[in-house]
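Let's take a friendly walk through some rings and strands. Have the sequence and the 3D view ready as you read.

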Amino acid sequence: MVSRLWSRTALVRASVVMLVAALAAAGSYHARLASSKRPPAVKPPNLFVGQGGVSAPGSDPFLDGQKVSLDVAAKAAPYHIYTLPSTSSASGGVPTVWLQEAKLDDGQAYVAVQLQYPSGFILDERSAVPGASAATTASNLASTNLGQQIKLSDGTPAYFIEQASDWTKANPASITTTLGGVTVEVIAHSTQSDLAAAADSLA
Amino acid sequence: MLRSLTILVAAALVGAALGLSVSLLKPQPVQADIPSCSDQYNVVAWMKDGGNPHLGERVINPGMYTYGGSPVCAHLSTLDVFDDAQNQVEVGWVIEGAQSAIPCLQATDDIPHIFAAYEVAGSQQCKPANGSLTSGQYDGYRVDDAAANGCWKFYHNSDQVYGGTTGICIPQQRGDILTNGERHGNNTPGADSAAAIFDGLQYYSTAGWDGWNSTELACDLVNGYDLAIDSLTKNRVYQVSVTDPNDCPDFPH
């Protein structure tokens with residue numbers, strides 16, 4: 001979408017050159033330029049009943065997030081930030097890291113982190129519900145009726161949602177689990193085995 | 001004669017250039033795709049509040065206005081608690097229209113229906129809720145995680161309309177609170193309405209319910225509709241006569 005709009009922008013710029021040449025004597029092109037509309041540079045937001053899916057690579061998934069380095073996010077987060085091994089196929093390179101820092105009503109820090117990998121994999125991480133285990137997270141998610149409870153290779157309970165399985169038929173696949181006080185969503189338009197392998201490799 | 005011919009040819013070239021240029025400079029449709037009912041356009045406001053997340057939101061006394069009409073696609077008005085682009089909960093009403101593409105709601109008619117929706121890791125679910133609406137009235141809506149355990153319940157007036165005893169439990173314990181006027185389908189002025197009125201906005205914290213302390217535009221992607229902030233606790237999505245250039249500085253996409 002964005003690249004297509006940029007192409008359109010290029011066409012408009014070309015037409016502007018032609019118009020300037022053609023209307024130089026008339027002197028009215030400034031008014032025409034001022035009235036032209038700039039195409040939007042963003043896609044429609046993923047707010048409820050629209051296109052299911054994930055944030056476009058490189059875009060802020062939060063309302064008020066910051067793009068930071070992994071080191072900065074690690075210092076801000078009161079929990080360990082899980083990552084994919086750089087050598088794994090699910091990684092594809094260095095992730096773009098987005099950070100949301102806020103405060104809860106009781107004054108405690110609230111930190112959410114999203115890692116967007118070049119491969120298209122996303123790790124969405126936030127503090128788990130206090131006291132929640134992987135088992136309770138997986139069983140609680142069953143209330144959504146979106147997927148099924150599974151176990152990772154080491155037996156850790158998790159919740160799997162298959163891609164293209166919700167009403168939009170455009171949703172990504174995901175595996176959600178809780179590891180040491182952090183709830184991690186592994187998200188990608190990929191297969192269950194690929195996501196399970198990525199979840200197994202979290203470090 | 002040669003001079004006259006040259007003038008004629010030059011005039012024709014200039015005319016052609018003018019026609020082409022003016023055509024290309026006309027405001028273009030926002031969506032390059034062929035419009036379908038699955039295309040959506042939103043005017044979203046939020047209580048920025050330093051970006052701090054909350055446990056819920058509601059609109060009461062008088063509440064959220066119910067519009068009528070016969071949209072081709074869908075017209076929605078909702079409250080949304082937004083964690084990030086992958087996780088959120090939502091409650092409100094929808095008129096689905098004759099060609100709606102929202103199969104989870106299953107009501108292609110011109111009647112406003114209450115519904116609840118949620119999204120987990122980018123996967124969405126929406127459900128029609130019990131209860132009837134009449135256009136032209138205000139109703140209360142609420143969605144909250146009162147137990148702060150990630151389990152959300154959905155309300156119309158004082159009735160819980162979705163979530164059951166436990167609620168819908170998702171990884172999101174809190175979120176930014178939003179209002180949303182939304183339409184589907186064609187985004188040109190004169191297409192289906194995205195109008196909405198939210199009067200009596202409140203957020204929920206561990207201290208209880210309190211009025212919104214700020215309101216600002218989060219995203220405007222709807223041609224022909226814009227946000228009016230009448231007070232801290234009242235905002236409207238209303239029809240305007242101009243083609244909006246679309247203002248979405250912050251919203252995830």
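## A pair of tyrosines

B:Tyr65 is partly exposed, with a relative accessible area of 21%; buried means under 20%, exposed over 50%, and partly exposed in between (1.4 Å probe, protein chains only). B:Tyr138 is also partly exposed, at 32%. This is a predicted model, where local features need pLDDT of at least 70, side-chain atom pairs count only at pLDDT 80 or more, and totals for chains, interfaces and linings use all residues. Residues are numbered from 1 along each chain as its sequence is written, chains are lettered from A in the order in which they are written, and side-chain values use heavy atoms, leaving out hydrogens and water.

Rings of Phe, Tyr and Trp (its six-membered ring) pair if their centres lie within 6.5 Å; planes under 30 degrees apart count as stacked, over 60 as edge-to-face and the rest as tilted. By this rule there are five aromatic pairs over all chains. B:Tyr65, B:Tyr67 and B:Tyr138 form one aromatic cluster.

## An enclosed strand

Strands are DSSP runs (E, at least two residues), numbered from the N terminus. Seven of the seven residues of strand E1 (residues 40-46) of chain B are buried, so E1(B) is largely enclosed by the rest of the structure.

Two strands pair if DSSP finds at least two bridges between them. Seven bridges join E1(B) to the antiparallel strand E11 (residues 176-184) of chain B, where B:Val43 stands opposite B:Gly181. Four bridges join E1(B) to strand E14 (residues 216-220) of chain B, also antiparallel, and B:Trp46 stands opposite B:Glu216.
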